[in-house]
Amino acid sequence: MGLRFYNTLNRRKEPFALGRGKAVSMYVCGPTVYAPAQLGNLRSYVSADILRRWLEHGHGWKVQAVMNVTDIEDKILRDSQAKDLSGVQAFTKPHEERFFADLEGLGVERPGATPHATEHIGGMIKLIERIQENGFAYERDGSVYFDVAKYNERYGYGALQKLELGKDTAKHRIDNDEYGKESVQDFALWKAEPEDAIGWRSPWGHGRPGWHIECSAMAAGELGALPIDLHFGGVDLTFPHHENEIAQTKAATGEDLARFWVHGEHLLVDGKRMGKSEGNMLTLADVAKRGFEPVHLRMLFVQAHYRSKLNFTWESLAGAKESYERLQSFYDRLGEHGGDTAGDAEAATKLITDTQERFAAAMDDDLNTAEAVAAVFDLVRDGNALIDGDELGADQLPAVLEALRGWNDVLGVLTLEAPAAPANVAKLAEEREVTRQRDDFAEADRLRKQIERAGWTVEDTAQGPRLRKR
Ligand code: AMP
Ligand code: ZN
């Protein structure tokens, strides 16, 4: 079938092809750094990461990935109460650092470029000038607005969604970055600001850019040739943000911003989108407080398709943790399994190739990670049965391990290097082994509980005791 993505532009799955020798250009709408990321945001970035990893590891393409950091915006100015740009940056920096630490914890590979809006003001001004020159923007009192009605006549506004455009669209202008999603209005490309407020000099006087222009400027500024191959963001950004990105770029250059518009569905709580403004947000710190690790959350996310809504519950996270542990134990078991039997080479090869085919077909079909993960878990079940039956020999082990690592390059849900236990825990395990050898099982049990209180479990394997993080 080949690789296909659901392209919101045409509301269907379409084959994704790439010219020979080309790299995939990919833009992801990044965070506004004024608060900790909530789990819904993180779901979006994990989905974008899976997309990128599949292009790289599944198809061997180079991916030029860009994710912006919105470090100037209404909410930032409101919450920072800063007097100048360095005050704003002192406020945004810790949020940004925490954001990237969250992504790292979740195994999200850092995009090649993560430009800040404040570094691209010149590019935004140029883009606004071109929009104005082409007749799709007008100035009022030092602010510049995008003329939606004019654009609609020429190109048709609403590439991603069917929108009802009133004739009087241009009569309503909107200055702030957050606004109702029902009505189409002329939006600010540039907002006039008093001389003493935070801002930049521009052909229209002192001011600052609107939110939407950022992404149009940074995508083209960082990735060069238009259209870029892929643009990714959460569904809530479809309108107005992405419609406006598309319109701005088209109005300025006559080009499409992106060939594929890919949208990730929401993480919900009790049927409602998780969000800061919804008052139901959870962060990675909340997850840690309940004793979960980021990888459990990643497992939860990849077990769902990125275009399905996913309702978050602690029970489902506990289920994902169990799945992770099942997969991890299988991986660890393979590493320890002596494999001194001859094994059934044919069975092992078939297991790997069948799973590989299922995995690749699922991922090519619009990144169906739910099905890809299911294929891997079927292999875990069958692989465990082969080991139990002494049918997996030394010759087959490396191939199974390598296949698992390959799938994990895409899913990122395995800990490849078992974390070393701290010295005190290792010592307890040694003492326990000694007491066990003496048949002092009561003492051995006491030591086991002590090890567990320290956050580890000890398993007695044929090769001796093994410590695992709980
Ligand atoms: P923001 O910082 O609010 O612009 O959001 C950053 C990214 O997270 C965007 O791609 C949003 O669409 C996405 N997002 C926000 N809330 C959710 C949610 N509950 N589930 C999934 N993605 C979300
Ligand atoms: Zn954007």
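Predicted model: local features only at pLDDT ≥ 70, side-chain atom pairs only at ≥ 80, totals over all residues.
Close-up 1. Residues are numbered from 1 along each chain as its sequence is written, while chains are lettered from A and ligands numbered from 1 in the order in which they are written. Both His241 and Glu245 sit in helix α7 (residues 238-253), four residues apart, about one turn of the helix. Helices (H or I, at least four residues) and strands (E, at least two) are DSSP runs, numbered from the N terminus.

**Close-up 2. The donors around the zinc ion (ligand 2).** Cys29 (SG), Cys215 (SG), His241 (NE2) and Glu245 (OE) coordinate the zinc ion (ligand 2) at 2.1 to 2.4 Å. Donors are N, O and S atoms within 2.8 Å of the metal (3.2 Å for Na, K and Ca); water is not among the atoms, so sites may look incomplete. Along the sequence, the donor residues follow the spacing C-x185-C-x25-H-x3-E. The four donor atoms subtend angles of 76 to 133°, which makes the arrangement irregular; four donors count as tetrahedral if all angles lie between 85 and 135 degrees, four count as square planar and six as octahedral if opposite donors are over 155 degrees apart and all others between 65 and 115, and anything else is irregular.

**Close-up 3. Two cis peptide bonds.** Here, the bond from Leu226 to Pro227 is cis, with omega near -5°, and Pro227 lies in the loop between α6 (211-223) and β10 (228-234). The bond from Phe239 to Pro240 is also cis, with omega near 5°, and Pro240 belongs to helix α7.

**Close-up 4. Helix α11 and its neighbours.** Among the buried residues of α11 are Leu351, Ile352 and Phe359. The buried residues of this helix pack against β1 (4-7), α1 (39-58), α12 (369-388) and α13 (397-411), where contact means heavy atoms within 4.5 Å. After α11 comes Asp366, with a positive phi near 55°.

Close-up 5. Arg11 has a phi near 55° and is partly exposed, at 35% relative accessibility. Asp439 has a phi near 65° and is exposed, with a relative accessible area of 53%.

Note on methods:
Heavy atoms only, no water. Buried < 20%, exposed > 50% of the residue type's maximum accessible area, 1.4 Å probe, protein only.
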